[in-house]
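Hi everyone, thanks for coming. Have a look at the structure on the screen, and I'll walk you through some of the packing.

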Amino acid sequence: MGTVLSISPATKKVIDSDVSADATCKGDKSLKRPSMFVSLSWKKLVASSAKKSAKKVTPNPNPNPTCAQVAQRNHDNIRKSLQSEERKQRAPIPVPVPTVPTQNNNNNKPVPAALVQKQGSSPSVVSPRRIVIQASTGELLRCLGDFVCRRCYKLKELNSSEVILWFRNIDRTLLLQGWQDQGFITPANVVFVYLLCEATLEENASSPAELQGAFQTCLYLAYSYMGNEISYPLKPFMIEANKDVFWETSLGIIERLSGKMLQLNADPHFFTEVFQDLKSQRDCSEANLDR
């Protein structure tokens, strides 16, 4: 007869319990392993954070010594500047007080100009009287010609019209040749020419040609200084009688009269004096010559 094997439920339960126990053991092992890794990673995290905190440098509570020195120096400089300003303000500033003599002969003490200006009788002391003089170009040319004739009185055949003709011929030649756009002969320029001639022309001129050479040398310097153009040619001004001494005479005039030439343009009072001197050279017996 055949044998029948039977498995009791208890045995099945035991097997099932063994299987479940193995599963639980495996499950416990699988659960326990991650916990170990978690604990290791936490320890590493704590250790790394401790190292980072140890590497941090604590700030220096003391301030930068260089900045402190700069601030101290700035403070010292400001204090010194304030002290110097206070000293300047305390020091008295000397102010010259203009004085004028009083009208009282008994008292010779000077009186300040401020007190004189307050009085009603002293405007003439403070502001000089203005002098107005008038003359045409033709009249000043005739005065210049009369002066040259009076200075070189040894040349009996010379007249003022001839001197004026020297001047006008040169001015006309420069206009026709295109060296200048407008005429040079004006009252101010005639006064300038008179200043040069008065200090240059001499009484001992031996001939009219020599006198003409010296006169035209003065004209060349007047054109060069007072003219509207940059440069002028030498040919209209230079003649054969004065060719050898032209530059020597020019340099002598510049050396002696440079200061007066500048003063004539800068000082109205000096110009007025020269203008009056030229006008006084006119010969009263002759009629006026209009331009």
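Let's start with helix 10, where the buried residues are F270, V274, F275 and L278. Buried means under 20% relative accessible area, exposed means over 50%, and partly exposed is in between, with a 1.4 Å probe and protein chains only. Seen down the axis of helix 10, these buried residues fall within an arc of 140°, so they line one face of the helix; the arc is taken from the directions from the helix axis to the C-beta atoms. On the other side of helix 10, P268 and H269 are exposed.

Quick note on the source: this is a predicted model, where local features need pLDDT of at least 70 and side-chain atom pairs count only at pLDDT 80 or more, while totals for chains, interfaces and linings use all residues. Residues are numbered from 1 along each chain as its sequence is written, and side-chain values use heavy atoms, with hydrogens and water left out.

Helices here are DSSP runs (H or I, at least four residues), numbered from the N terminus. What covers the buried residues of helix 10? Helix 5, helix 7 and helix 9 are among the elements that do, with contact meaning heavy atoms within 4.5 Å.

Now the rings. Phe, Tyr and Trp rings (for Trp, the six-membered one) pair if their centres lie within 6.5 Å; planes under 30 degrees apart are stacked, over 60 edge-to-face, and the rest tilted. That rule gives 13 aromatic pairs. One of them is Y220 with W247, edge-to-face, at 6.2 Å centre to centre and 90° between the planes. Y220 sits in helix 8 (residues 208-226) and W247 in helix 9 (residues 246-266), so this pair ties together parts 27 residues apart in sequence. Buried or exposed? Y220 is buried, at 12% relative accessibility, and W247 is partly exposed, at 45%.

F271 is partly exposed at 26%, whereas F275 is buried at 7%.

Last, the core. A nonpolar core is a set of buried Ala, Val, Leu, Ile, Met, Phe, Trp, Tyr and Cys residues joined through side-chain atoms within 4.5 Å. The largest one has 48 residues, and F167, V193, L196, L211, F215 and Y223 have the most contacts inside it. Helix 8 gives the most to this core, with nine residues.

Note on methods:
Helices (H or I, at least four residues) and strands (E, at least two) are DSSP runs, numbered from the N terminus.
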